[in-house]
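Here are some exercises to work through with the model open beside you. Try each task yourself, then follow the solution step by step.

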Amino acid sequence: MNFQGSRRRGEDGIAMVIDFLLSNARLVLGVGGAAMLGIATLAVKRLIERAGRAADDEKVEQKMAESWEELSLVKASPTLIRKGIEGVVMKHVAKAARQQKADLCQQPQMSSMEQTKPESKSKRLQLCVLSLQERLQQYYHTRAALAPPEVQRAQSLALDICTEIQGFLHSRHPDMPLGEMSLGGSLLDDLQVVSADHACLLVPLQLEASLWRLIPGEETLLTHPLHWMVRRINLEYFPRGRSYWDRYLVGGYLSAEAVVNMFSKAVMETINWPSISSTMDCLVRPVLGGPDLRLEIRPGREKEGAEGSDQPLFISMLPLLRQEDVVLTAQPELTSPWVNAWHLSLYPWETRRLAQLDAADNGHRRHMLKILKAVCRLNPALRPLEAAPLANLILHLSDSESDWSEISLDARFQQCITELIGYLEQGALHSYFKPAVNLLSGLSEDQVDQMGFMLYCAVSEPEILLI
């Protein structure tokens, strides 16, 4: 904030409040404390801007009254009342505001030339020319939605890699029972945002129905609804060795970790990637050392010069098992330390449900999901929020809100912010299809505090998320 001349004393007073708030942030933060910090700071900022533009004492009084009304938002958080910090911050804000008012009243009248001099428009005022609805549409087209050529390029590269890997496995491991590999995930479902920088290759394993049984997570010793197990059955009639996948048994169960390790050695460490790179005119190399099966693709020099970008594309191989509508994936990074556990993927259910709801009422839920994903990806404070909590947030909200038309996107966007704040305060956002699963359990307390602060600021200034 920049002020001149006789406003100096008021500047010092406001600076004292801001310094007080920031220096004590760690004491009062938490989701509720973040509300106080964010809303009080924004309200004082507005008070200064409005009072600074007032030409006489009456307008000063009017503008200050409007700003104090905004501070009433602070009382909306019961967390603040429990912590007993409301009075402390309000006292300091009021003291600085009284000082600011006194300084403005003592300010000498400006000359006629100064009064007629047009004020320079700040970036914030320029942004306010657009309504929130217009800003959301602009943000969607410039940040969230991907250009069709970019998507087609990424899909083409992923399918080329898919063809190479499948051909290699058929030639080197002809007895390995695999289904047809295919492209999956957000790139295929038009849910990827910002840039087309990752893709997923689905590698379905074929199991004999009479030899294997998929056990729900609630029925296992792990008792985790997303950690399923695959048991080898009928050993008395079909001894071990009858199924190709018996070689990856650990304790009578098909080990997801053993399957991933097998594909890592059979594909990532064995395929002649330099040869494939020359064939595809791209640099293709495996990303080794991690728990997942990932490839990195960078455009060749000729393509790089033509397209003007060296954006890498990461392609993940995902071994999976399908049984009716159940999809289990081998992802040790999600099921560690249990080597036998398979991850129940809720992504197909969530994506299908969103598409069904939009098709039934011509809604824009997927449109909103892409906006929220882009906001979280581009905002450092919100980056820990992944796609799954955001998709489930919209699914839960759809149970109570039926209007998801294009003209109501601004209302739904603000409602999503409010609902997400509530989930953060509770420390839980339950899965729409598996209520026992808390989708916020992986967040640290510090991450929740930072997200709470940003979202509370966005309650009164939603445009700050769309910059």
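Helices (H or I, at least four residues) and strands (E, at least two) are DSSP runs, numbered from the N terminus. We're looking at a predicted model, so local features need pLDDT of at least 70, side-chain atom pairs count only at pLDDT 80 or more, and totals for chains, interfaces and linings use all residues. Residues are numbered from 1 along each chain as its sequence is written, and side-chain values use heavy atoms, with hydrogens and water left out.

**Exercise 1. Loops with a positive phi**

Task: find where Asp-281 lies and work out whether Asp-281 counts as buried, partly exposed or exposed.

Solution. Start with the place: Asp-281 is in the loop between helix 12 (273-280) and strand 7 (282-287). Next, the cut-offs: buried means under 20% relative accessible area, exposed over 50%, and partly exposed in between (1.4 Å probe, protein chains only). Asp-281 has 35% relative accessibility, so it counts as partly exposed. Last, look at the backbone: phi of Asp-281 is near 55°, a positive value in a residue other than glycine.

Now try Thr-223. This residue sits in the loop between strand 3 (212-215) and strand 4 (227-232), and its phi is near 55°, again positive in a residue other than glycine. Thr-223 counts as exposed because its relative accessible area is 55%.

**Exercise 2. The whole chain**

Task: say how many helices and strands the protein chain has, and what percentage of its residues count as buried.

Solution. Count the elements to get 19 helices and 11 strands. Then take the 467 residues, of which 47% count as buried. For contacts (heavy atoms within 4.5 Å), take the pairs at least 6 apart in sequence: 65% of them join residues at least 24 apart.

**Exercise 3. Val-437 and its partners**

Task: work out why Val-437 counts as buried, and which residues Val-437 touches.

Solution. First locate Val-437, in the loop between helix 18 and helix 19. Its relative accessible area is 8%, so Val-437 is buried. Then list its contacts, skipping residues up to four places away in sequence: Pro-225, Leu-226, Leu-429, His-430 and Ser-431.

**Exercise 4. Helix 15 and what covers it**

Task: check the span of helix 15 against the expected value, then find which of its residues are buried.

Solution. The expected span of a helix is 1.5 Å times one less than its number of residues. Helix 15 (residues 347-361) has 15 residues, and its first and last C-alphas are 22 Å apart, close to the expected 21 Å. Its buried residues are Trp-349, Glu-350, Thr-351, Leu-354, Leu-357 and Asp-358. The cover over them includes strand 11 (342-344), helix 16 and helix 17 (387-400).

**Exercise 5. Nonpolar cores**

Task: say how many residues the largest nonpolar core has, and which helix gives the largest share.

Solution. A nonpolar core is a set of buried Ala, Val, Leu, Ile, Met, Phe, Trp, Tyr and Cys residues joined through side-chain atoms within 4.5 Å. The largest one has 60 residues, and Ile-161, Ile-165, Trp-245, Phe-263 and Trp-342 have the most contacts inside it. Helix 10 (residues 148-172) gives the largest share of this core, 9 residues. Another core lies apart from it, with 45 residues, including Leu-357, Trp-404, Phe-413 and Leu-465.

**Exercise 6. A cis bond and a buried glutamine**

Task: find which residues are joined by a cis peptide bond, and say whether Gln-331 is buried or exposed.

Solution. The cis bond joins Ser-336 and Pro-337, with omega about 10°. Pro-337 belongs to the loop between helix 14 and strand 11. As for Gln-331, look in the loop between strand 10 (326-329) and helix 14 (332-335). Gln-331 has 17% relative accessibility, so it counts as buried. Leaving aside neighbours within four places in sequence, Gln-331 is in contact with Leu-318 and His-343.
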